[in-house]
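Dear colleague,

I am passing on the structure below for you to look over. My notes on what turned up in it follow directly after.

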Amino acid sequence: SKIKEASAAAVAATISGTSAMGAVKYMGEAKKRQVVLVTAGGGAAGSFAVQIAKQLGCEVVATCGSNEKAKLLCKLGCDTIINYRTRDVGEALAKSYPDGVDLVIEHVGGDLFQTAIQHLKPKGTLILVGYISQYPHNHLQETHPPVYTHGGVSYEFDLEDIFWNQLVIEVSGTQQIISGKLHPSIDSAREARQHVQEMVEDGS
């Protein structure tokens, strides 16, 4: 239903959507027919990311942790849904996308970050929108930093540092990009916010 006046829900949706728009379209530069992995796809920013990627013509795979969120993702047009409570995410990705994914929109951190980057194509991009599994208030907090091993070399990622300092890191050897930056410029952030406000008002 169309939102006719400002509300807390509309404001929250606009914030989440603007983050997702920046991650998918502006920093992630998602293109038609690319495979986009959205972790926590049933969440506030994740559900926007799924919709935006679909609008851009991408094939979208998303993770979630409940049947309810899986149903939501199905309604949003998600192509592949992985409930991490009932399926191993790494095995599911290897089976459905043996060549890897082009873009990851990451909200979880920890082991899922590690799995996601292992299935990211060379020269692929991972945008770090959040790392909820490592937040201090999370009673299931993962305290160990994710480690990525490629070609016999191990990389340890400080997600807090990447996120809060908006770092953009290139993994040597694979040319994969890990970005804690969601918008390349103020102008892109304004444009994203406008687009998302229109989505919210249209009820899409």
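In this predicted model, the side chains of Asp79 and Lys54 meet in a salt bridge, with a distance of 3.0 Å from N to O. The pair links distant parts of the chain, since Asp79 sits in the loop between helix 3 (67–75) and strand 3 (80–83) while Lys54 belongs to helix 2, 25 residues apart. Asp79 counts as partly exposed at 40% relative accessibility, and Lys54 likewise counts as partly exposed, at 28%.

A search of the whole structure finds three salt bridges, and another of them joins the side chains of Asp102 and Lys121 at 3.2 Å, N to O. This pair too links distant parts of the chain, with Asp102 in strand 4 (residues 101–106) and Lys121 in strand 5 (residues 120–128), 19 residues apart. Lys121 has a relative accessible area of 25%, so the residue is classed as partly exposed. The side chains of Asp187 and Arg190 also meet in a salt bridge, at 3.3 Å from N to O; both residues lie in helix 7 (residues 186–202), three residues apart, or about one turn of the helix. Asp187 is exposed, because its relative accessible area of 55% is over the cut-off of 50%.

The C-alpha atoms of Val35 and Asp102 are separated by 5.3 Å, although the two residues are 67 residues apart along the chain. If neighbours within four places in sequence are left aside, Val35 is in contact with Glu59, Val61, Tyr97, Val101, Asp102 and Leu103. Val35 is buried, because its relative accessible area of 9% falls under the cut-off of 20%.

Most residues other than glycine have a negative phi. Ala40, however, has a positive phi, near 55°, and is placed in the loop between strand 1 and helix 2 (44–55), where the residue counts as partly exposed at 28% relative accessibility. Gln166 has a positive phi as well, near 50°; Gln166 is found in the loop between helix 6 and strand 8 (168–171) and is partly exposed, with a relative accessible area of 47%.

Finally, some totals for the protein chain. The chain contains seven helices and nine strands, and of its 204 residues, 49% count as buried. Among the contacts with a separation of 6 or more, 57% are accounted for by residues 24 or more positions apart. The accessible surface of the protein chain comes to about 10600 Å², of which 50% belongs to carbon and sulfur atoms.

Notes:
Residues are numbered from 1 along each chain as its sequence is written. This is a predicted model: local features need pLDDT of at least 70, side-chain atom pairs count only at pLDDT 80 or more; totals for chains, interfaces and linings use all residues. Side-chain values use heavy atoms; hydrogens and water are left out. Buried means under 20% relative accessible area, exposed over 50%, partly exposed in between (1.4 Å probe, protein chains only). Contact means heavy atoms within 4.5 Å. Helices (H or I, at least four residues) and strands (E, at least two) are DSSP runs, numbered from the N terminus. Accessible areas come from the Shrake-Rupley method with a 1.4 Å probe; for residues, only the protein chains shown count as cover. A salt bridge is a side-chain nitrogen of Lys or Arg within 4 Å of a carboxyl oxygen of Asp or Glu.
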